[in-house]
Amino acid sequence: MTTDTTTKTTAPTPTGETVLDARGVTMRFGGLTAVRSVDLTVNSGEIVGLIGPNGAGKTTFFNCLTGLYIPTEGEVRYKGTVLPPKSFKVTAAGIARTFQNIRLFNNMTVLENVLVGRHTRTKEGLWSALLRGPGFHKAEAASRERAMELLEFIGLAGKAEHLARNLPYGEQRKLEIARALASEPGLLLLDEPTAGMNPQETRAAEELIFAIRDQGIAVLVIEHDMRFIMNLCDRVAVLVQGEKLIEGDSATVQSDERVIAAYLGEPFEGEPGEAEAAEVAEAEAAAEAAAAAERGTDSTEEPTDATAEADDSSETEADDSADDEDENDTDAPDPAQDDAPEPTTDADNDADKASGSGKEND
């Protein structure tokens, strides 16, 4: 498995604090273990990739990190503090995420979608919202200003009043990232951010993630596009059947035989070498030669049998013809008998002469 990494932007060596520290995370659903004892750390200003075949447990692991699932075993720490098992509290702590399937408020404007992400950073409560005093208006103005800054950052400021459902697919992905950034996270989790994008949109998403990293925000990303993930990430971890197989830089992961086997399949046990393969080829050639000789023998015998059958059928037809002729001779009338005159006697001749003489005398 090879991937072109010539376009990779050089990332600074991460020296910041540990933002995410997941230890022994296990998630079971009844008798099914979707994630088993996964350890993973992410430092500030670092981009870490999480890859693996379909069904490897990547999104389930994300759900454990963000409080959507409560891990069966293990713990998740954010900047040294164990995260509470509630998704809104995880967001308030400083972890934001996007989803594999876009989850925008389609009937709200682009600006309103970003403002939704600001709710964990506003201090105004119910009474302030009902009375709409000066503090509420000040907080509302600050949120709108920050939301517009984020829309400018992702390139959608000109469409702030458009409905989210009217945006192209790639821009909807960007909007979801802007909404996540609105909560001012220290760690951003992206679940397949380039799924369904064309190459130009993928490149734009890559540049956007680099810009987010440059702001000091750590990024953990799930992706199936190997070229994208290898160009983007400082480290890559591989999940296979719910377990972490390997973790390292792009070159290490790409050259690992276990990773190649996980994606392309493992060779069967006892695969033959060159000598065994030659023996197999020789045996197959001998079998084909024997089959050809047998086919030649069968073709030589077939004409003799056909000749004998032809002779038998000729004799049978001759006998049948002879029988038919005998029957015809017996039943058919003799034409000579039908045409011959009746015989005359001498007495008849004398009578005819006497009669003729008498007539002449008369």
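1. **Buried side of H5.** In this predicted model, helix H5 buries Phe 136, Ser 143, Ala 147, Leu 150, Leu 151 and Ile 154. These residues span an arc of only 100 degrees around the axis, so they sit on the same side of H5. The general rule is that an α-helix has 3.6 residues a turn, so residues three or four places apart point the same way.

2. **What that side packs against.**

3. **Length and end of H5.** The helix runs over residues 134-154, 21 residues in total. First C-alpha to last C-alpha is 31 Å, close to the 30 Å expected at 1.5 Å a residue. Gly 155 follows H5, and the phi of Gly 155 is positive, near 85 degrees.

4. **Arg 179.** Where does Arg 179 lie? It is part of helix H6. Is Arg 179 buried or exposed? Its relative accessible area is 13%, and the cut-off for buried is under 20%, so Arg 179 counts as buried. Its side chain reaches the backbone oxygen of Arg 103 at 2.6 Å. Leaving aside neighbours within four places in sequence, Arg 179 is in contact with Arg 103, Leu 104, Phe 105, Asn 113, Val 114 and Gly 117.

5. **Leu 163.** This residue is in the loop between H5 and H6. Leu 163 is partly exposed, with a relative accessible area of 25%. Beyond its neighbours within four places in sequence, Leu 163 is in contact with Asn 106, Asn 107, Met 108 and Thr 109. Leu 163 and Asn 113 are 50 residues apart in sequence, yet their C-alpha atoms are 9.4 Å apart in space. Asn 113 is also among the contacts of Arg 179.

6. **Cavity.** How many cavities of 30 Å³ or more does the structure hold? There is 1. The largest cavity contains about 40 Å³ of space. Its lining is made up of Gly 170, Arg 173, Lys 174, Ile 177, Pro 193, Met 197, Ala 205 and Leu 208. H6 and H7 are the elements that give two or more residues to this lining. The largest share, 4 residues, comes from H6.

Conventions. Residues numbered from 1 in each chain as written. Predicted model: local features only at pLDDT ≥ 70, side-chain atom pairs only at ≥ 80, totals over all residues. Heavy atoms only, no water. Expected span 1.5 Å × (residues − 1). Buried < 20%, exposed > 50% of the residue type's maximum accessible area, 1.4 Å probe, protein only. Arc of directions from axis to C-beta. Polar contact = N/O pair within 3.5 Å; in protein donor to acceptor, adjacent residues only side chain to side chain. Contact = heavy atoms within 4.5 Å. 1 Å grid on protein atoms, 1.4 Å probe; cavity = no way out; pocket = protein on both sides within 12 Å on 5 of 7 lines; lining within 4 Å. Points joined across faces, edges and corners; volume = space filled by probe spheres on them.
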